[in-house]
Amino acid sequence: MMKESVVVQGKCGGSVLRAVCWPVALAAAAAAGAELAGTALLATAAWLLARAAQQPGLAALSVAIVAVRACALLRGTLRYAERLTGHRAALQALARLRERVYAALVPLAPGGLPGWRRAQLLHRMVTDTEAVQDLVVRCLVPAAGAALAGGLGLVVLAALSPASVPPLLVALLGTGLVLPACAGRQRRRSAPADDTAVAVTATDLLDGAAEFAAYSAEPVALAAATAAHTDRADRERTEARVAGLLAAVGIALQGLATAAATVLAAPAGGPAVAVVALTTLVALEPSLALPVAARRFVDARAALRRVHAVLAAPAPVAEPAAPLPVPAGSVELTIRDLWVRHADDRAPALAGVSVDVRPGSRLVVTGPSGSGKSTLLAALRRFVAPAAGEIRLDGAPIDAYAGADVRRLIGGVGEEAYLFDTTLAANLRLGDPAATDDQLRAVLHRVGLGERFTGGLDAELGQDGSALSGGERQRVLLARALLADPQILLLDEPTEGLPATDADRLLRDLLAATAGRTTILVSHDPAALAHADQVLDLGAAAAGRDRVSRWCRGAAS
Ligand SMILES: Nc1ncnc2c1ncn2[C@@H]1O[C@H](COP(=O)(O)OP(=O)(O)OP(=O)(O)O)[C@@H](O)[C@H]1O
């Protein structure tokens with residue numbers, strides 16, 4: 001178990017556990033102390049009963065009577081200290097690990113996240129990180145307590161009746177090593193590498209409820225969820241049977257060892273026999289919990305490995321070692337022969353795109369679906385790295401700036417724009433946390449939302465703006481982007497999916513709100529094209545890209 005613990009610490013929980021190693025050591029010492037006090041309590045009580053049966057004077061029993069009370073108090077106090085210190089250390093470790101996972105996810109979003117499903121990431125953040133808590137409270141502390149209690153039991157027996165040591169030793173090896181090894185082995189065999197099937201099917205059921213209902217596909221979806229549940233229930237039933245069997249074997253070993261140690265201590269006679277019997281019983285008690293600890297250890301190790309995979313995931317875009325300070329004031333954007341490829345085995349999403357965007361001008365990007373419009377905006381915000389070519393801001397390559405600085409400079413409403421399930425004001429203040437209510441109302445006026453909300457700034461928007469119409473949603477997103485006040489405003493198909501009259505009105509308000517500001521607008525709308533200073537047609541570039549792909553295929557074959 002110790003060897004495996006080193007592996008886990010090295011992989012992921014290492015620095016997290018190191019930060020709480022002292023509280024963990026204190027908790028383990030308190031757990032062992034509580035076991036020792038329990039052992040001493042029973043041993044002294046046994047001696048007291050046996051000695052009292054011989055009817056000595058009260059003075060001969062008074063020390064033992066006080067010792068019994070002291071041990072009882074000490075055991076309770078130490079148990080409390082162990083729970084308090086152990087849980088505090090575990091919760092601190094958990095909080096640190098969750099912070100690290102979140103910090104690791106930030107540079108992955110959004111480009112690096114599609115490798116995981118949403119339910120899997122939620123599982124990593126919420127459930128898998130809890131493994132570090134289990135590791136402390138349910139593995140390390142019980143294992144240390146069991147080792148100390150067993151060791152003390154052996155010392156007591158060696159002092160009172162050396163002949164009784166072998167039965168206790170054998171039983172300790174059985175309950176403390178062999179049974180946990182069996183439990184761990186069985187758990188390793190039965191536990192799947194990724195225990196998120198239930199979470200994934202449950203998320204699909206919730207997210208896709210409307211679609212399943214629309215296509216009468218509920219039985220299919222429910223069958224997938226039921227299969228995941230049945231699989232898990234089957235595994236848990238098998239494990240419960242094995243756990244019950246191992247617990248029974250442990251209790252049998254404890255009983256046999258106690259009986260054997262008592263029989264072997266019989267020649268010593270007197271209170272020592274009772275002390276030996278009770279000491280053997282108590283010394284084995286903590287190690288009976290170790291098979292369960294071993295199963296939890298296997299689970300914790302697997303969970304921490306999964307968390308480690310998130311922590312170690314390479315960011316899709318490398319950060320510069322010494323980022324340049326971002327230029328102040330308006331910036332000139334230059335894109336030269338830009339190539340972007342989302343995966344090595346896929347055709348390039350952008351092939352040789354070049355354009356210059358002067359400060360204060362409006363560039364409209366157009367082109368058929370799949371021609372790379374969103375990819376261009378993602379590259380400008382450093383969410384994906386170019387395969388070739390360059391993007392320059394005031395002459396300096398964009399990858400010389402920190403990603404967060406670039407996104408403050410070049411921001412807006414992308415494909416992934418999201419509205420949080422909170423008030424209108426809270427959603428808007430994501431753009432500018434210091435904005436006053438008057439500034440919020442002013443920006444709402446600019447995007448044509450002046451008097452629209454009955455609840456005013458406190459109106460609740462629902463999850464991803466579910467309480468809004470499509471046009472209102474786009475206007476709130478635009479208002480938030482304007483509040484953030486980036487040097488270059490990006491807008492990805494803001495009128496998409498709206499009825500023609502709403503789209504016209506939104507586009508009019510949008511063009512007015514962005515007049516004189518450097519704007520890159522993805523749109524097919526003739527009105528947007530008419531008001532553009534420049535138009536970048538990626539359809540033409542896509543035709544070139546197809547020619548390149550065909551040439552590549554031809555060259556390969
Ligand atoms: N994360 C990704 N992983 C792999 N391929 C991707 C990814 N994102 C986009 N692509 C591919 O890159 C190409 C360009 O996609 P992109 O979304 O940029 O096009 P678009 O012009 O914005 O399309 P639409 O108008 O439909 O939104 C497409 O072939 C798409 O399948």
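## Helices H6 and H9

The axes of helix H6 (residues 165-190) and helix H9 (residues 218-265) come within 9 Å and cross at roughly 175°. Axes are lines fitted to C-alpha atoms, for helices over the stretch in contact, and angles run from 0 to 180 degrees between N-to-C directions. H6 is therefore roughly antiparallel to H9; angles over 145 degrees count as roughly antiparallel. In the contact of H6 with H9 there are 16 nonpolar, seven polar and three charged residues. Here Ala, Val, Leu, Ile, Met, Phe, Trp, Tyr, Cys and Pro count as nonpolar, Asp, Glu, Lys and Arg as charged, and the others, Gly among them, as polar.

## The model and its terms

This is a predicted model, in which local features need pLDDT of at least 70 and side-chain atom pairs count only at pLDDT 80 or more, while totals for chains, interfaces and linings use all residues. Residues are numbered from 1 along each chain as its sequence is written.

Helices (H or I, at least four residues) and strands (E, at least two) are DSSP runs, numbered from the N terminus.

Helix H3 covers residues 58-105, and its 48 residues should span 70 Å at 1.5 Å a residue; the end C-alpha atoms are 70 Å apart, which agrees. The expected span is 1.5 Å times one less than the number of residues. Among the buried residues of H3 are Cys71, Glu82, Gly86 and Val101. A residue is buried if 20 or more other C-beta atoms lie within 10 Å of its own, exposed if 12 or fewer, and partly exposed in between, with C-beta atoms placed from the backbone.

H11 is mostly covered, with 18 of its 22 residues buried.

## The open sheet

Four strands form an open sheet in the order E2-E1-E4-E5, with antiparallel pairing. Strand E2 (350-357) and strand E5 (396-397) are the edge strands, each pairing on one side only. Two strands pair if DSSP finds at least two bridges between them. Strand E4 (residues 388-393) is joined to E5 by two bridges, and leucine 393 stands opposite alanine 396 in E5.

## Around the ligand

The ligand is surrounded by 13 residues, and the closest are His342, Ala349, Ser369, Ser374 and Thr375. A residue counts as near if its C-beta atom, placed from the backbone, lies within 6 Å of the molecule. This shell has three nonpolar, eight polar and two charged residues.

Notes. Angles under 35 degrees count as roughly parallel, over 145 as roughly antiparallel, 65 to 115 as roughly perpendicular and the rest as oblique.
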